Amino acid sequence: MTDVYNDFMEEADFDTILSPDIEFTGTLHFEKPFLIRGKVSGEINSTGLLVIDENAVVNANIHALRVLIRGIVKGDVTAIEKVEVTITGKLTGNVISPEIFMETGCFFNGRCTMVGKNAV
């Protein structure tokens, strides 16, 4: 996996893709790269990469290895390695991660807490 996910990630890089016509409510657990294009409500727990695509809507607290937000997220986000919010991303919630990147033009309403890699 490359560190610059939003420029180089392709569908083949993901083990699971939640398509735009799917609405899921509950708790998601996964280990491999996961792409959300639909709507998710509940909780997300992962030891892998999570990508929320441009038209996706997530109303959930997220705990993952890495999180890339291109769509809408309402909930707290905790990442073991990195959280990235792109220009199309909208995040309403608190962020805890060793590395946080917010592209100019994104929307963010919450608190950022940067911690050491072993603290998450």
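## Exercises on a predicted chain

Neighbours within four places in sequence set aside, Leu 50 is in contact (heavy atoms within 4.5 Å) with Phe 30, Phe 34, Ile 36, Ile 44, Ile 62, Ala 64, Arg 66, Val 67 and Leu 68.

The model is predicted, so that local features need pLDDT of at least 70 and side-chain atom pairs count only at pLDDT 80 or more, while totals for chains, interfaces and linings use all residues. Residues are numbered from 1 along each chain as its sequence is written, and side-chain values use heavy atoms, with hydrogens and water left out.

### The chain as a whole

**Task.** Work out which elements the chain has, and decide how its radius of gyration stands against the globule rule.

**Solution.** Begin with the elements, which are DSSP runs numbered from the N terminus: helices (H or I) have at least four residues and strands (E) at least two. The chain has one helix and 13 strands, and the helix comes at the start of the order read from the N terminus, α-β-β-β-β-β-β-β-β-β-β-β-β-β. Next, take the radius of gyration, which is computed over C-alpha atoms, and the globule rule, which is 2.2 Å times the number of residues to the power 0.38. The radius is 13 Å, close to the 14 Å that the rule gives for 120 residues, so the chain is as compact as a globular protein of that length. Along its principal axes, the C-alpha trace spans about 35 × 25 × 25 Å. Finally, consider burial, where buried means under 20% relative accessible area, exposed over 50%, and partly exposed in between, with a 1.4 Å probe and protein chains only; buried residues make up 41% of the 120 residues.

### The nonpolar cores

**Task.** Find which residues have the most contacts inside the largest nonpolar core, and which strand gives the most to that core.

**Solution.** A nonpolar core is a set of buried Ala, Val, Leu, Ile, Met, Phe, Trp, Tyr and Cys residues joined through side-chain atoms within 4.5 Å. The largest one has 25 residues, and those with the most contacts inside it are Ile 36, Ile 44, Leu 50, Ile 52, Val 58, Ile 62 and Val 67. Two or more residues each come from strand 2 (23-30), strand 3 (34-36), strand 4, strand 5 (49-52), strand 6 (57-69) and strand 8 (77-85). Of these, strand 6 gives the most, with six residues. Apart from this core lies another of five residues, among them Phe 14, Leu 35, Leu 49 and Leu 68. As background, nonpolar side chains in soluble globular proteins tend to be buried together.

**Task.** Describe the surroundings of Asn 45 and of Ser 46, leaving aside residues up to four places away in sequence.

**Solution.** Asn 45 is found in strand 4, and the place of Ser 46 is also in this strand, which runs over residues 39-46. Asn 45 touches Thr 27, Leu 28, His 29, Phe 30 and His 63, whereas Ser 46 is in contact with Phe 30, His 63, Ala 64 and Leu 65. Now look at polar contacts, which are pairs of N or O atoms within 3.5 Å; within protein, one must be able to donate a hydrogen and the other to accept it, and residues adjacent in sequence count only if both atoms are side-chain atoms. Such a contact, of 3.1 Å, joins the side chains of Asn 45 and Glu 43, and the side chain of Ser 46 reaches the backbone nitrogen of Gly 48 at 2.7 Å. Ser 46 counts as buried because its relative accessible area is 7%.

### Buried or exposed?

**Task.** Classify His 29, Glu 54 and Ser 97 by their relative accessible areas.

**Solution.** His 29, which lies in strand 2, has 61% and is therefore exposed. Glu 54, in the loop between strand 5 and strand 6, has 48% and is therefore partly exposed; beyond four places in sequence, its contacts are Arg 70, Gly 71 and Thr 88. Ser 97, in strand 10 (residues 95-97), has 0% and is therefore buried, and among the residues it touches are Ala 79, Glu 81, Met 114 and Val 120.

### Cysteines

**Task.** How many disulfides does a search of the whole structure find?

**Solution.** A disulfide is a pair of cysteine sulfur atoms within 2.5 Å, and the search finds zero. For Cys 106, the closest cysteine sulfur is in Cys 112, 9.3 Å away, which is too far for a bond. Cys 112 itself counts as partly exposed, at 41% relative accessibility.
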